[in-house]
Amino acid sequence: LNKMFESDFRSDLQKRAIPLPEEYVEINPAKTNVVTRKAIKYLKSRKITEKQIVAHKMGVCYSGEYQGRVIIPIWENNELRFWIARAITSDAYMKEKSPSDEEWQISKSEVIFNIDRAAKKYHSCVISEGIFDCLSFGDIGVSLLGKVLYEAQLNILLDYRELPSEGVYIALDYD
């Protein structure tokens with residue numbers, strides 16, 4: 001009975017974002033310590049500018065489950081939708097670690113990184129797989145967070161009425 005109630009209750013709720021880790025600290029390039037400097041060095045090695053770090057509220061965790069990882073939040077209209085964590089060292093067990101995926105939480109197949117900024121500023125976007133690829137295009141780049149355009153992501157693109165005026169371009173990896 002408890003399981004039945006729980007599934008009925010959850011189906012009535014709107015999915016919500018997984019909160020940022022408690023240990024998340026937004027990166028401020030002007031105020032750095034050893035870990036923050038490593039995080040910035042890692043991001044710059046991936047061709048991310050300090051301006052992009054600040055604009056996207058990228059952060060780092062000094063302790064906890066995501067210790068030594070850059071946290072990249074996915075915002076839409078200033079609302080947290082999802083986030084990913086990337087290891088800043090090459091010896092990490094997993095280079096990318098997304099938060100747990102529960103049925104009541106928004107998953108990465110239901111978000112597009114940077115879609116609101118691209119649509120509002122350029123009325124266009126360049127779709128790529130990864131966040132680092134998309135940021136190489138500047139504010140016009142958006143990321144699927146993977147190789148597949150899911151139905152929920154297609155619906156997000158269609159919801160942005162500004163996009164068709166200038167076009168949607170696809171720049172996925174060759175694989």
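1. Contact is taken here as heavy atoms within 4.5 Å, and helices (H or I, at least four residues) and strands (E, at least two) are DSSP runs, numbered from the N terminus. The model is predicted: local features need pLDDT of at least 70, side-chain atom pairs count only at pLDDT 80 or more, and totals for chains, interfaces and linings use all residues. Residues are numbered from 1 along each chain as its sequence is written, and side-chain values use heavy atoms, with hydrogens and water left out.

2. Helix H6 covers residues 151–159, and its buried residues are Gln 153, Ile 156 and Leu 157. Buried means under 20% relative accessible area, exposed over 50%, and partly exposed in between (1.4 Å probe, protein chains only). The buried residues of H6 pack against strand S3 (69–76), helix H4 (115–122) and strand S6 (125–128).

3. In H4 the buried residues are Ile 115, Asp 116, Ala 118 and Ala 119. Their arc around the axis is only 170°, which puts them on the same side of H4. They pack against S3, S6, strand S7 (141–143) and H6. After H4 comes His 123, with a positive phi near 55°.

4. S3 is mostly covered, with seven of its eight residues buried. Two strands are said to pair if DSSP finds at least two bridges between them. Strand S2 (residues 59–61) pairs with S3 in the antiparallel sense over three bridges, and Gly 59 has Ile 71 of S3 as its bridge partner. S3 and strand S4 (residues 79–87) also run antiparallel, joined by eight bridges; Val 70 stands opposite Arg 86 in S4. The hairpin of S3 and S4 has two residues between the strands, and Asn 77 takes a positive phi near 55° there.

5. The loop between S2 and S3 contains Ser 63, which is partly exposed at a relative accessible area of 36%. Ser 63 and Glu 22 are 41 residues apart along the chain, and their C-alpha atoms are separated by 9.5 Å.

6. An open sheet is formed by three strands in the order S7-S6-S8, with parallel pairing. S7 and strand S8 (168–170) stand at the edges with a single partner strand each, so one side of each is left without a neighbour in the sheet. On average, neighbouring strands of this sheet are turned by 30° against each other, direction ignored. Here axes are lines fitted to C-alpha atoms, for helices over the stretch in contact, and angles run from 0 to 180 degrees between N-to-C directions. S6 and S8 run parallel and are joined by three bridges; Cys 125 has Val 168 of S8 as its bridge partner.

7. How many disulfides does the model have? The count is zero, a disulfide being a pair of cysteine sulfur atoms within 2.5 Å. The closest cysteine sulfur to that of Cys 125 is in Cys 134, at 9.9 Å, too far for a bond. Cys 134 is likewise in no disulfide, its nearest cysteine sulfur being that of Cys 125, 9.9 Å away. Cys 125 is buried at 0% relative accessibility, and Cys 134 is buried with a relative accessible area of 0%.

8. A nonpolar core is a set of buried Ala, Val, Leu, Ile, Met, Phe, Trp, Tyr and Cys residues joined through side-chain atoms within 4.5 Å. The largest one has 32 residues, and those with the most contacts inside it are Leu 43, Ile 72, Phe 113 and Ile 131. Two or more residues of this core come from each of helix H2 (34–45), S2, S3, S4 and helix H5 (131–135). S4 gives the largest share, five residues. Leaving aside neighbours within four places in sequence, Leu 43 is in contact with Ile 27, Ile 48, Ile 53, Met 58, Val 70 and Phe 132.

9. A second, separate core has twelve residues, including Ile 115, Ala 118, Ala 119 and Cys 125. Of these, Ile 115, Ala 118 and Ala 119 are among the buried residues of H4.

How values were computed
Arc of directions from axis to C-beta.
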